[in-house]
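Subject: Structure handover

Hello,

Here is the structure for you to look over. My notes on what turned up follow below it.

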Amino acid sequence: MARLERALRSDAHVWRTDLGRTTDPTGIAVERNVLRHLPVPVAVRYDGERPVADLLRVVAAGVVAGSSVAVSTPTDLPIAVQTAFSAARVAVTVETEHEWTTRASGLPAGRVRLVGGDRAALARATGGRPDLAIYAQPVTEAGRVELLPFVHEQAVSMTAHRFGTLDGLTDNILPVGQGRGRA
């Protein structure tokens, strides 16, 4: 439980100080180069063999990022987990590995986060499509690592001058330093 608590604190910190904020890393006065991270939907497949805390940890990262998270699991989850997922609007589907890989073959472009399971089997089932990213690394406490499958990085560049004179017209478009999300 201590590992999960540390992971959740890491997610909150990274979201509050980095991924959940818009930034302008260049600081060029005549341009606004805004970097932000937007939530993306993610299918999470839990193999049922890893500790359920690993699944909780991954889903929590998705919830912090504001992503739409759909969990596939081979067995029913504990009632307390089902209740927490329902409250967080996390969809849960109980399906066999075969049912999962069959369904995964028809997933639209997007992302899958595996919590255990066979990455190669999923890649074969989906035809190795380049538009479907499979994240299969071991579950970690690091918020900076676990939040990444749930966000899409976006960089926006805007000219902040008119004929070389700063005009301030872009100041309220994508304000820098503003936070988003739930952390």
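Helix 2 is the top contributor to the lining of the second largest pocket, with four residues. Helices here are DSSP runs of H or I with at least four residues, strands are runs of E with at least two, and both are numbered from the N terminus. A pocket is an open set of points on a 1 Å grid over the protein atoms alone, where a 1.4 Å probe fits, with protein on both sides within 12 Å along at least five of seven lines. Lining residues have an atom within 4 Å of a point.

This is a predicted model, in which local features need pLDDT of at least 70 and side-chain atom pairs count only at pLDDT 80 or more, while totals for chains, interfaces and linings use all residues. Residues are numbered from 1 along each chain as its sequence is written, and side-chain values use heavy atoms, with hydrogens and water left out.

Back to the second largest pocket. It holds about 170 Å³ of space. Volume here is the space filled by probe spheres set on the grid points, which are joined across faces, edges and corners. The lining consists of L4, L8, L56, V59, A60, V63, A84, F85, A88 and V90. At least two lining residues come from each of helix 1 (2-19), helix 2 (52-65) and helix 3 (79-87). By class, the count is ten nonpolar, no polar and no charged residues. The classes are: nonpolar for Ala, Val, Leu, Ile, Met, Phe, Trp, Tyr, Cys and Pro; charged for Asp, Glu, Lys and Arg; polar for the others, Gly among them.

Next, the largest pocket. Its volume is about 230 Å³. There are 18 residues in its lining, and P41, V42, A43, L107 and R111 lie nearest the centre. Two or more lining residues come from each of strand 2 (42-46), strand 3 (69-73), strand 4 (91-94), helix 4 (97-104) and strand 5 (110-115). Strand 3 gives the largest share, four residues. The lining splits into twelve nonpolar, four polar and two charged residues.

Now the packing. The largest nonpolar core has 25 residues. A nonpolar core is a set of buried Ala, Val, Leu, Ile, Met, Phe, Trp, Tyr and Cys residues joined through side-chain atoms within 4.5 Å. Buried means under 20% relative accessible area, exposed means over 50%, and partly exposed is in between (1.4 Å probe, protein chains only). The residues with the most contacts inside this core are V44, L55, V59, V71, F85, L147 and F150. Helix 1, strand 2, helix 2, strand 3 and helix 3 each give the core at least two residues. Helix 2 supplies the largest share, seven residues. Leaving out residues up to four places away in sequence, F85 touches L55, L56, V59, V71, L77, V90 and V92. Contact means heavy atoms within 4.5 Å. A second, separate core has nine residues, including A43, A104, V112 and I134.

Some single residues to look at:

- R89 sits in the loop between helix 3 and strand 4. Its phi is near 60°, a positive value in a residue other than glycine. Most residues other than glycine have a negative phi. R89 counts as exposed because its relative accessibility is 76%.
- T73 is in strand 3. T73 counts as buried, at 0% relative accessibility. Beyond its neighbours within four places in sequence, T73 contacts R45, Y46, V92, T93, V94 and E95.
- V64 belongs to helix 2. V64 is buried, with a relative accessible area of 14%. V64 and G20 are 44 residues apart in sequence, and 9.0 Å apart in space, C-alpha to C-alpha.
- A123 lies in helix 5 (residues 119-125). A123 is partly exposed, at 26% relative accessibility.

Finally, the whole chain. It has six helices and nine strands. Of its 183 residues, 36% count as buried. Among contacts with a separation of 6 or more, 67% join residues 24 or more positions apart. The chain exposes about 9,800 Å², and carbon and sulfur atoms supply 57% of that. Areas come from the Shrake-Rupley method with a 1.4 Å probe; for residues, only the protein chains shown count as cover.

Best wishes
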